[in-house]
Amino acid sequence: MRPLLRPHDADAFRHALRLARQRTGVRCVFGGEVGDGTLRLTEFTGTLTDSMSGLRVGAGRGLGGYVLTHQRPLAVNDYVPATSITHDYDNPVRQEGIRAIVAAPVTVRSGVRGVLYAAVRDAAPLGERATAALMDTARRLAGELAVRDEVDRRVRLLEAAAEVPSQAPPSPGLDALRDLHAELRGIAHEIEDTALRDRLRHACDRFLRAETSPEGGQADASPAGRPRLSARELDVLSYVALGCTNAEAAQYLCLEPETVKAYLRSATRKLGVHSRHHAVAAARRHGLLP
């Protein structure tokens with residue numbers, strides 16, 4: 001099995017902490033991922049010591065454990081004497097000098113994948129604005145992880161389907177491949193991480209090269225002489241190939257219908273044809289679509 005396209009999710013957590021610090025106005029923010037039911041604190045911004053580095057937080061223990069178990073945010077105005085949490089981790093918290101803390105879960109498909117914290121060193125409420133900003137950052141991070149999960153799932157399906165020999169005329173399996181190819185290109189457009197988006201599009205290209213063969217009716221699939229379509233033109237064509245209208249393709253790709261028409265006109269011109277259906281056929285002949 002090939003390695004996943006996604007980078008390590010720690011990079012997404014680091015980006016989320018930078019965003020949380022900016023949006024909450026709180027200098028000390030930290031967090032980490034959940035694995036095997038345990039939260040491990042690995043990412044820190046604005047801390048003064050290493051007292052919490054690598055700390056493993058069990059379900060139901062401390063502030064993070066409460067958030068992990070109940071899947072909802074919680075704030076304490078003074079950590080050590082707080083009665084709403086257990087005090088398994090008072091020593092590292094004291095060493096860092098933290099008092100008021102708010103923690104928010106990163107929830108993906110009903111499961112907590114991580115926890116983000118914002119903290120200050122005086123016993124004063126962080127306020128509704130900071131709490132809301134941290135929660136919104138956690139939701140954004142959850143959305144990014146969900147997209148990465150879906151990309152991985154679709155790539156696995158695509159690779160598994162690609163192992164099945166193609167048949168002529170196209171079998172239902174090939175129809176499924178075409179549907180997956182179009183959806184993967186649509187998902188790629190939603191990914192904020194440029195490197196991950198490019199890797200996903202390259203994976204689609206590798207799949208096409210693997211599927212292209214003279215026996216499959218794509219005799220002109222060599223790179224020499226192949227029309228150079230942009231990524232967005234291919235995105236549009238991939239949905240047109242599924243029978244989508246311009247409006248439907250626009251909805252899938254989060255574009256305006258007029259923008260879809262413009263990309264389709266450009267692709268048609270580059271392919272040297274005069275209709276959307278001929279454009280799909282030409283793109284397949286050149287190995288640009290499955």
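The model is predicted, so local features need pLDDT of at least 70 and side-chain atom pairs count only at pLDDT 80 or more, while totals for chains, interfaces and linings use all residues. Residues are numbered from 1 along each chain as its sequence is written, and side-chain values use heavy atoms, with hydrogens and water left out.

We start with the sheet. Helices (H or I, at least four residues) and strands (E, at least two) are DSSP runs, numbered from the N terminus. Two strands are said to pair if DSSP finds at least two bridges between them. In general, strands of a sheet pair through backbone hydrogen bonds, either parallel or antiparallel. Here six strands form an open sheet in the order β3-β2-β1-β6-β5-β4, and the pairing is antiparallel. Strands β3 (56–57) and β4 are the edges, each pairing on one side only.

Strand β1 (residues 28–35) can be followed to both of its partners. With strand β6 (residues 111–120), β1 pairs in the antiparallel sense over six bridges; in this pairing G32 stands opposite V115 of β6. With strand β2 (residues 38–45), the antiparallel pairing of β1 runs over seven bridges, and G35 stands opposite T38 of β2. The hairpin of β1 and β2 has two residues between the strands, and D36 takes a positive phi near 55 degrees there.

A helix lies against these strands. Helix α1 (residues 10–24) lies across β1, β2, β5 and β6, and runs at about 150 degrees to β1. Such angles, from 0 to 180 degrees, are taken between N-to-C directions of axes, which are lines fitted to C-alpha atoms, for helices over the stretch in contact.

Next come the nonpolar cores. In soluble globular proteins, nonpolar side chains tend to be buried together. Buried means under 20% relative accessible area, exposed means over 50%, and partly exposed lies in between (1.4 Å probe, protein chains only). A nonpolar core is a set of buried Ala, Val, Leu, Ile, Met, Phe, Trp, Tyr and Cys residues joined through side-chain atoms within 4.5 Å. The largest core in this model has 25 residues, and F30, L41, L63, Y79, I98, I101 and Y117 have the most contacts inside it. At least two residues of this core come from each of β1, β2, α2, β4, β5 (100–108) and β6. A second, separate core has 23 residues, including A182, V240, C244 and L271. Leaving aside neighbours within four places in sequence, the contacts of Y117 include F30, L41, L63, I101 and L134.

Charged side chains make another set of links. A salt bridge is a side-chain nitrogen of Lys or Arg within 4 Å of a carboxyl oxygen of Asp or Glu, and the structure holds 18 of them. In one, the closest N and O atoms of R113 and D149 are 2.7 Å apart. R113 lies in strand β6 and D149 in helix α4 (residues 128–162), so this pair ties together parts that are 36 residues apart in sequence. R113 is partly exposed, at 24% relative accessibility, whereas D149 is buried at 19%.

Other salt bridges lie within a helix. E144 and R148 meet at 3.0 Å, N to O; both lie in helix α4, four residues apart, about one turn of the helix. Both E144 and R148 are buried. In helix α9 (residues 257–271), E258 and K261 are three residues apart, again about one turn, and the closest N and O atoms of their salt bridge are 3.4 Å apart. Here E258 is exposed, with a relative accessible area of 51%, and K261 is partly exposed at 32%. What links D9, D11, R109, R113, E144, R148, D149, E150 and R153? These residues are joined in a network of salt bridges.

Two loop residues remain. Most residues other than glycine have a negative phi. Q71, in the loop between α2 (62–70) and β4 (74–76), has a positive phi near 55 degrees and is partly exposed at 37% relative accessibility. C254, in the loop between α8 (246–253) and α9, also has a positive phi near 55 degrees, and at 58% relative accessibility C254 counts as exposed.

Conventions. Contact = heavy atoms within 4.5 Å.
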